[in-house]
Amino acid sequence: MELKDKLISSFMAFENDVDVEHPVHEVRTTAMKNFETKGFPSRKEEAWKYTSLNSLQKIDFTIFPKEDNAIEYKDVKKYFIHEIDTYKIVFIDGVYSSHLSETTHDGVDICLMSSALTKDMYKPIIDVYFNKVASKDESLTTLNTAFSREGAYIYIPKNKMPKKPVEIVHFATGNEASLMLQPRNLVIVEENAEVQIIERHQNLTTNDVLTNSVTEIFAAESAIVDYYKIQNDTPTASLIDNTYIDQKGKSVVKVHTFSFGGKLIRNNLNFYQNGEYIDSTMKGITILGNKQHVDHHTLVHHIEPNCESHQDYKGIYGENSTGVFNGKIIVDKIAQKTNAFQQNNNILISDKATINTKPQLEIFADDVKCSHGCTIGQLDEDALFYLQSRGIPKKEAKALLMYAFANDVLESVRIPELKARINKLKAKKLGVNLGFDL
């Protein structure tokens, strides 16, 4: 059975486990009809021209895994940012793990989507925010909406900030021969509130895993959101990450994406600026080898005046890896005094590695500062020669140059322990000896 057909038939079984009379289920049903009509995206679509999902659709994924897959903290400790104390929302094969998690209702609400979607106390929030900024047309987003049940629910009231950063971690145990997961996150940060979030998806075996994730983020006036995505999974794990962000006036939202491992990664990152004096930042580091594939699709829609956006993505591609960067900036007619900057720099360290990059600007205002640029090249031979002339072997000299090339993206990471962890992962991926213990 094709994966699309299996998902459609599985939706009927899914309905047996949820309250079909609940208003949310009408949203699910509409979304499922959309997916049934459109199916999986193909390379005939411009947005998917360089990324094929055909091989994934041939895998017989389990849609509803067993719920008896307990794991111990000591076995997965290395995947957490254990150098600092954090709130933790942990899922094992899509099921919430209470013994690995630490949530709170102490002035803020850090809990589960399964609670938010079913309990009456959350209904006023769900009615206002759930599925309001996520696409109603993008087929994989609507597929996630159809099966939406579990994930992280984070609500930060006005003028509040959690005492600790929040970690959202999804583990796949490999107890299923192949597994498909569809987590749904909802993050609401009210006026003058602030939150830091670290998200990771981790396969614990060599079995196939496909994660189709959707996150909706709402930043109210003067809110601050720092979101960090660590993508360093196994060669049999694929991730389609759809993130939608609605910002109000004077809010600041930053999303950092670190793509170091996985079979196929597609990041759809969409910012909508609904107010003035908004700042949107998206930065990323991609380091790939083998036959890995990463596709970054970004959108910043400048809807009102006096706003800024900053994009800076660095990519290093080796062996037979492939990369895609498609960054789109839209500036509406009334969005005067917009400052929008986009940069994508790439290094190919193998003759067989490829990168397809497509910066796009759609500007309908005349009093703006907008720039975009992309580079694709190899290491600077003069710099390489200089390092070798100082006694550094060629292999180590190349690694140091690549390390320095990607380093400026980390300057805006506001959690020191996370910055140290990413530096360590980056160095390991590039074969650099930092000379000190992180």
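Predicted model: local features only at pLDDT ≥ 70, side-chain atom pairs only at ≥ 80, totals over all residues.
Residues count from 1 along each chain as its sequence is written, and side-chain values rest on heavy atoms, with hydrogens and water left out. Local features need pLDDT of at least 70 and side-chain atom pairs pLDDT 80 or more, while totals for chains, interfaces and linings use all residues.

View 1. His297 sits in strand S15, residues 293-302 (strands are DSSP runs of E, at least two residues, numbered from the N terminus). At 13% relative accessibility, His297 counts as buried (under 20% relative accessible area, 1.4 Å probe, protein chains only).

**View 2. What the His297 side chain reaches.** Asn326 is 29 residues away from His297 in sequence, yet their C-alpha atoms are 4.8 Å apart.

**View 3. The second largest cavity.** This cavity holds about 60 Å³ of space (on a 1 Å grid over the protein atoms alone, a cavity is a set of points where a 1.4 Å probe fits but cannot get out; lining residues have an atom within 4 Å of a point; points join across faces, edges and corners, and the volume is the space filled by probe spheres set on them). His297, Asp295, Ala47 and Asn326 are among the lining residues. S15, strand S17 (322-331) and strand S19 (354-363) each supply at least two lining residues.

How values were computed:
Helix = DSSP H or I, 4+ residues; strand = E, 2+ residues; numbered from the N terminus. Buried < 20%, exposed > 50% of the residue type's maximum accessible area, 1.4 Å probe, protein only. 1 Å grid on protein atoms, 1.4 Å probe; cavity = no way out; pocket = protein on both sides within 12 Å on 5 of 7 lines; lining within 4 Å.
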